[in-house]
Amino acid sequence: MKNKKLTLSIIGLILVLILGGFLAYGYYQKATYKIQRPIVSMEIEGYGIVKMELYPDMAPNTVENFIKLINEGYYNGLTFHRIEESLIQGGDTAGDGTGETESTIKGEFSLNGYEENTLKFEKGTVGLARQDYTYYSSIDSSLVEKGYNSGYAQFFIMVEDEENFNGYYAPFAKVTEGIEIVEKISQLETTTKTDEQTGETSKTTMPIVPPVIKSMQVETFGVEYDEPKTEQRFDANNFIMQKLYGAS
């Protein structure tokens, strides 16, 4: 009888240890599990495919917005309209950087009070383009913050490191394949555009033959991303005219 009780006790202890082991392993898996970051495949006509890894853990709303636009086919057929020594920029519907969208999103970077994004603007980093109204801050200081939250669809890819961008723009992805394509585009012959009405020459250097984004697709590995939080676009030109001349 004693041996039987001892055997049952040993069996019970073994079962407890096994169950405890499974629970501990489950907790370990949960603690160490990392969601596979989304991968974007961008095909550029005549150049090839550039792959970018998105960082929803750093800039969640920016990533959600980018995924939404990709799934809507927003970028298909648009171009890289701007080339500088340190970056290339695309995603503008007008093809020259002047295109506007109805919505914008808040900038996920430290100067805008968002501290969770620690990505740096290094070679291959992808950032969200935005307006800079600092020049008009003497008219109304709130314009500076309006510029922080003016980004939406245009994005740029770094060709070289740029420390001055850290904290001032929202980085949200990095090139994992095809950086040589980005470098090749950055070396294209460029020109500037002169406004026919004002005669002013744009500071933006545009490629004479803008590379076309044939298609952009995103693999989320089964993860469903929420709809991004957006805002109505701020009409800076009208705001400034009202401040200066009281125009409606």
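Predicted model: local features only at pLDDT ≥ 70, side-chain atom pairs only at ≥ 80, totals over all residues.
Is Glu-84 buried, partly exposed or exposed? At 24% relative accessibility, Glu-84 counts as partly exposed.

First, the overall architecture. The protein has five helices and twelve strands. It comprises 248 residues, of which 39% count as buried. Among contacts with a separation of 6 or more, 74% are between residues 24 or more positions apart.

I turn now to the salt bridges. Side chains of opposite charge can pair when their charged atoms come close. In one of them, Glu-84 is paired with Arg-82, with the closest N and O atoms 3.2 Å apart. Arg-82 counts as partly exposed, at 25% relative accessibility.

Another joins Lys-214 to Glu-43, where the closest N and O atoms are 3.9 Å apart. Lys-214 belongs to strand β11 (residues 213–219) and Glu-43 to strand β1 (residues 39–44), so this pair ties together parts that are 171 residues apart in sequence. Both partners count as partly exposed: Lys-214 has a relative accessibility of 47%, and Glu-43 one of 29%.

The remaining example is Glu-72 with Lys-68, whose closest N and O atoms are 2.7 Å apart. Lys-68 is partly exposed, at 21% relative accessibility.

Next, the surface. A patch of negative charge is formed there by Glu-85, Glu-160, Asp-161 and Glu-163. Glu-85 is found in the loop between β3 (80–83) and β4 (87–90), and with 73% relative accessibility it counts as exposed.

What, then, of Glu-108: is it buried or exposed? Glu-108 is buried, its relative accessible area being 7%. This residue sits in the loop between β5 (103–104) and β6 (125–128). Leaving aside residues up to four places away in sequence, its contacts include Ala-59, Pro-60, Tyr-114 and Ala-170. Tyr-169 is 61 residues from Glu-108 along the chain, and their C-alpha atoms are separated by 7.6 Å.

Finally, Thr-79 is located in the loop between α2 (60–71) and β3. It has 15% relative accessibility and therefore counts as buried, the cut-off being under 20%. With residues up to four places away in sequence again set aside, Thr-79 touches Gln-89, Gly-90, Gly-91, Gly-95, Pro-210, Pro-211 and Val-212.

Thank you for your attention.

Methods. Residues numbered from 1 in each chain as written. Heavy atoms only, no water. Helix = DSSP H or I, 4+ residues; strand = E, 2+ residues; numbered from the N terminus. Buried < 20%, exposed > 50% of the residue type's maximum accessible area, 1.4 Å probe, protein only. Contact = heavy atoms within 4.5 Å. Patch = residues over 30% accessible without salt bridge, like charges linked within 9 Å, V, L, I, M, F, W, Y side chains within 5 Å. Areas by Shrake-Rupley, 256 points an atom, 1.4 Å probe, with all protein chains shown as cover. Salt bridge = Lys/Arg side-chain N within 4 Å of Asp/Glu carboxyl O. Lys, Arg positive; Asp, Glu negative; His and termini not counted. Charge placed at Lys NZ, Arg CZ, Asp CG, Glu CD.
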